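Here is a short report on a protein model. Keep the sequence and the 3D view open as you read.

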Amino acid sequence: MTVLSRLPCALVQPLLTHVVRRIAARHPSLFARLGPHQSTDFLIDPIELPFALHLRPDPEALIFCAVPRDAAPHPGALIRGKFMLLLELMDAEEDGDAAFFSRDLEVSGDTEAVVRLRNALDDVDGSIAEETAEMFGAPGRVILARLRRNYPTQENGTVAP
Amino acid sequence: MSLAELICPAGMPAALRTAVDAGADAVYCGFQDATNARNFPGLNFTPDELAEAVIYAHAKGTKVLLALNTYPPAGKVDLWRQAADTGARLGIDAFIVADMGVADYIAQTHPQVRLHLSVQAAASSPEAIRYYCENFGVKRVVLPRILTIPEIKQVRKEIPCEIETFIFGNHGLMVEGRCSLTNYLTGQSTNMDGVCSPASDVEYKRDADGTMSSQLAGFTIDCFGPDEKAGYPTICKGRYTAPHRSDAYYAFEEPVSLNLSRLLPELIDAGVHAFKIEGRQRSKSYVRGVVSAFRRAVDDIRAGRSADMADLVALTEGQKQTQGAFETKKWR
């Protein structure tokens, strides 16, 4: 485990905790679609970032934290892909099946857990990313715009205009 | 006269609103149980969600069709009857059914609601279709994906009901409503439990070289090279070895999607009343992209223009598309 991977985790952790609690409070219907997988440990792995994300979507004990890859818990389900693809999947701007067909998205572990999480997120109206950015006002919007510039959208899985 | 209605998938409430807003003439959906053939984890509607969805769709002039298109196990019909009663109470516009007992119950109990015959009934001959029309008052048949356009035109002349055909999406045709491949490996029935390759039995394994294998109930059904496009983990689309072949090959069907965007004028000319887009299990992104693309295409054709059709190949299974039997029975 390196200091380089621990440092970003420490920096983003307070934001992640704040964000996930607010999102959960605004979209309680998410949890019903997760069913028995509210207690599953998901590892979401954006391949370009120096850390992965550990999600346990238990409404009574919500966990969403940045973890160095070499210190990540053994997950019930793993979801791996480029950062912007994962962000757009969360916002239903990309189709998960198409990203899987193109091999841009990798899943392993409990497939039912992944399907339930995908469906729970897909049934949310609006953009969770933009909602998150709005929580932080103008700086949040600037950061989101910069992330979208720095981590360009996948070409695969999109519909041509 | 063909109205070329666009019948669009709605796996969940947000997808339903997306389909309606993208121009669907009708949406089709199901409850969170075995009464429909997309009984997937976390998908579908509660009765309360369907009630709100019907109000939303009807306010925008869109019809709501309820899929009750699985087969009740012998003597266990209550779930299907309750679903039919709930759907009728909520004001849905038609039921999509496959089982004769379900069709008969609805015809007797809710005669004011239209009956559509699901592709799961596998009715492809005029004789079979007329039987459902005469005995249960079926108003529309969703044809199996095994007929050429000239055959569809001929069937249309010999039946007293509307025809709906799939135009885009999953191309798993086998003998629809009769496939038991999933049962052999998982013990669950596609046709009675409503789930083909249940996610709880699916596992993907990745090797260090990037090769990915898909497994169902512990059996490997396909293996994709590092740069190879993938498909759904269904047995019918797996690759197998056989005594007459030295290499693993697609023994039943291939991972490929149906796309009839180029055949829409011919289908309209053949008398097809409604075009169905498959994919209740897909995302809002898929629904938005595919429905709006076909909305523009159908509107162009209705206005006498050539259709300006978006490229949808990125959304297809295995990133491959086919016109299947609609073009020729020698498509494989």
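## A covered helix in chain B

In H1(B), the buried residues are B:Pro13, B:Ala14, B:Ala15, B:Leu16, B:Arg17, B:Thr18, B:Ala19 and B:Val20. The model is predicted. H1(B) is mostly covered, with eight of its nine residues buried. What do these buried residues pack against? Within chain B, they pack against strand E1 (5–9), strand E2 (26–29), H2 and helix H9 (284–302). H5 of chain A is also part of that packing. After H1(B) comes B:Gly23, which has a positive phi near 110°.

The axes of helix H1 (residues 13–21) of chain B and helix H2 (residues 47–59) of chain B come within 10 Å. They cross at roughly 10°. That angle is under 35 degrees, so H1(B) is roughly parallel to H2(B). H1(B) brings B:Pro13, B:Leu16, B:Arg17 and B:Val20 to the contact. H2(B) brings B:Glu49, B:Glu52, B:Ala53, B:Tyr56 and B:Ala57. By class, the residues of this contact are six nonpolar, no polar and three charged.

## Chain B as a whole

Chain B has 10 helices and 15 strands. Its radius of gyration is 19 Å, close to the 20 Å that the globule rule gives for 332 residues, so chain B is as compact as a globular protein of that length. The C-alpha trace of chain B spans about 55 × 50 × 40 Å along its principal axes. Of the 332 residues of chain B, 52% count as buried. Consider contacts in chain B between residues at least 6 apart in sequence: 62% of them join residues at least 24 apart.

Chain B is divided into two parts: domain 1 (5–173 + 256–327) and domain 2 (196–250). The C-alpha centres of domain 1 of chain B and domain 2 of chain B lie 29 Å apart. Six residues from domain 1 of chain B and seven residues from domain 2 of chain B make the contact. The side of domain 1 of chain B that touches domain 2 of chain B has two nonpolar, three polar and one charged residues.

## An exposed glycine

B:Gly218 sits in the loop between strand E9 (212–216) and strand E10 (219–224) of chain B. Is B:Gly218 buried or exposed? B:Gly218 counts as exposed, because it has 9 C-beta neighbours inside 10 Å, and the cut-off for exposed is 12 or fewer. B:Val202 is 16 residues away from B:Gly218 along the chain, and their C-alpha atoms are separated by 8.1 Å.

## Where the chains meet

The contact between chain A and chain B takes 32 residues from chain A and 32 residues from chain B. Four elements of chain A each supply at least two residues of the side that touches chain B: helix H2 (29–34), helix H4 (96–101), strand E5 (106–109) and helix H5 (111–122). H5(A) gives the largest share, seven residues. By class, the side of chain A that touches chain B has 11 nonpolar, nine polar and 12 charged residues.

| Side of domain 1 of chain B that touches domain 2 of chain B | two residues | three residues | one residue |

Terms used. Residues numbered from 1 in each chain as written. Chains lettered and ligands numbered in written order. Predicted model: local features only at pLDDT ≥ 70, side-chain atom pairs only at ≥ 80, totals over all residues. Domains from an automatic or database assignment. Contact = placed C-beta atoms within 7 Å. Nonpolar A, V, L, I, M, F, W, Y, C, P; charged D, E, K, R; others polar. Axes fitted to C-alpha atoms, helices over the stretch in contact; angles between N-to-C directions. Parallel < 35°, antiparallel > 145°, perpendicular 65-115°, else oblique. Buried ≥ 20, exposed ≤ 12 C-beta atoms within 10 Å, placed from the backbone. Rg over C-alpha atoms; globule rule 2.2 N^0.38 Å.
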